[in-house]
Amino acid sequence: VQLYLEKFPLDLTDQKSTKRKEKVNQAFQDSHQRISYLISGYALPDSIAKQHLESAHTKFIHCLKDPILPLLDLHQVMSSLSGRIPPSVDKGINDELRSYEKNCTSLIFPFPSLAITNILDMYAATLKHQSEQNAFYLSTFPIQDVVRKYANGTTGHMKSATINLLKEYYRVEKVFNMNTYEQSAELLKSSHDDDISKVADDIFSHFYVSCKNSIAIKLIEDLGSFSAQLSDEVYSILYDLTSLTNHKNSKVTLAARQVLIQSLQPPYLVRFNQVQSIFLSAVAEEEFASGNLQQLIQSDSNLFDILPQFFY
């Protein structure tokens, strides 16, 4: 027997020697689970924590952006329901999936959530009795669940998956925000109906808040990068995070505030064109007109990222 002294890989799927390629939906489930563990306070030793976090986050975002993810998710569900749904429904959904598979890389061809919902509703309308309709909807619930998840496309799914992870972070941290450990434990006991195991899980999660902060900040930055204009759901969770006043959450609070402030600014191109117009009008004047440049000083927009483009 020979003692193994080398390091174990953080992610076996990253090894070049891996023979079986991991599917996108499996990779997403794996990375989502790893991030969920981090949010729940399952910290790793400092020597490998950063590498593990970067690996899980990179895979998580890569999978969320892949347009093939909803297709594989629904294929997995359809396989599990094979033989238990009407043939016409099975054929209709598979036809839609084949059509999406051919055009999934096109921005003008979103995942056919509405079409699949219509297929289910049209078949349910042919059933005469309410009990039969209820049984049909119950048997096809996994399909409806996937369809609802991707109702707003892959971007909508990205937002909801990220928001749910941040909500879990906020759920625990708000209890410890302005209370002592004793008060927080009592609040947790009342909210969990005296389930001590759940109380212990939340206390354990808060104990490793510094590790949780690292992944929470990355998720907040992701929300800011998905779109310049924040939806109500995104704004709500970011606003909740800014309400955390405990110094242990200060980095997360600051990151949330930065994204909120950034969302109130006009897009970069609009601000760039505005500054360029002011400079051109100032240069075109026969006599120096301070009024034009005064507009830069009094501008409500953030110009610190614009001005260097004109001087360096």
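Student: Why is Glu168 called partly exposed?
Tutor: Its relative accessible area is 28%. Buried means under 20%, exposed over 50%, and partly exposed lies in between (1.4 Å probe, protein chains only). So Glu168, at 28%, is partly exposed. This is a predicted model: local features need pLDDT of at least 70, side-chain atom pairs count only at pLDDT 80 or more, and totals for chains, interfaces and linings use all residues. Residues are numbered from 1 along each chain as its sequence is written, and side-chain values use heavy atoms, with hydrogens and water left out.

Student: What makes Arg171 and Glu168 a salt bridge?
Tutor: Their side chains meet at 2.9 Å, N to O. A salt bridge needs a side-chain nitrogen of Lys or Arg within 4 Å of a carboxyl oxygen of Asp or Glu. The 2.9 Å pair therefore qualifies. Arg171 and Glu168 are three residues apart in helix α8 (residues 153-173), so about one helical turn separates them. Helices here are DSSP runs (H or I, at least four residues; strands are E, at least two), numbered from the N terminus.

Student: How do you know that Asp73 and Lys149 form a salt bridge?
Tutor: The N to O value is 3.5 Å, so the pair passes the same cut-off. Asp73 lies in helix α3 (residues 69-80) and Lys149 in helix α7 (residues 141-149), so the bridge ties together parts 76 residues apart in sequence.

Student: Which of the two labels, buried or partly exposed, does Asp73 get?
Tutor: Buried, because its relative accessibility is 7%. Lys149 is partly exposed at 34%.

Student: Why is Asn249 called buried?
Tutor: Its relative accessibility is 0%, so it falls under the 20% limit. Asn249 sits in the loop between α12 (232-242) and α13 (250-264).

Student: What makes the Asn249 and Tyr169 side chains a polar contact?
Tutor: They come to 3.0 Å. The rule asks for a pair of N or O atoms within 3.5 Å; within protein, one must be able to donate a hydrogen and the other to accept it, and residues adjacent in sequence count only if both atoms are side-chain atoms. So the 3.0 Å pair meets the distance limit.

Student: Why is Cys104 called buried?
Tutor: Its relative accessible area is 11%, so it is under 20%. Cys63 is also buried, at 3%.
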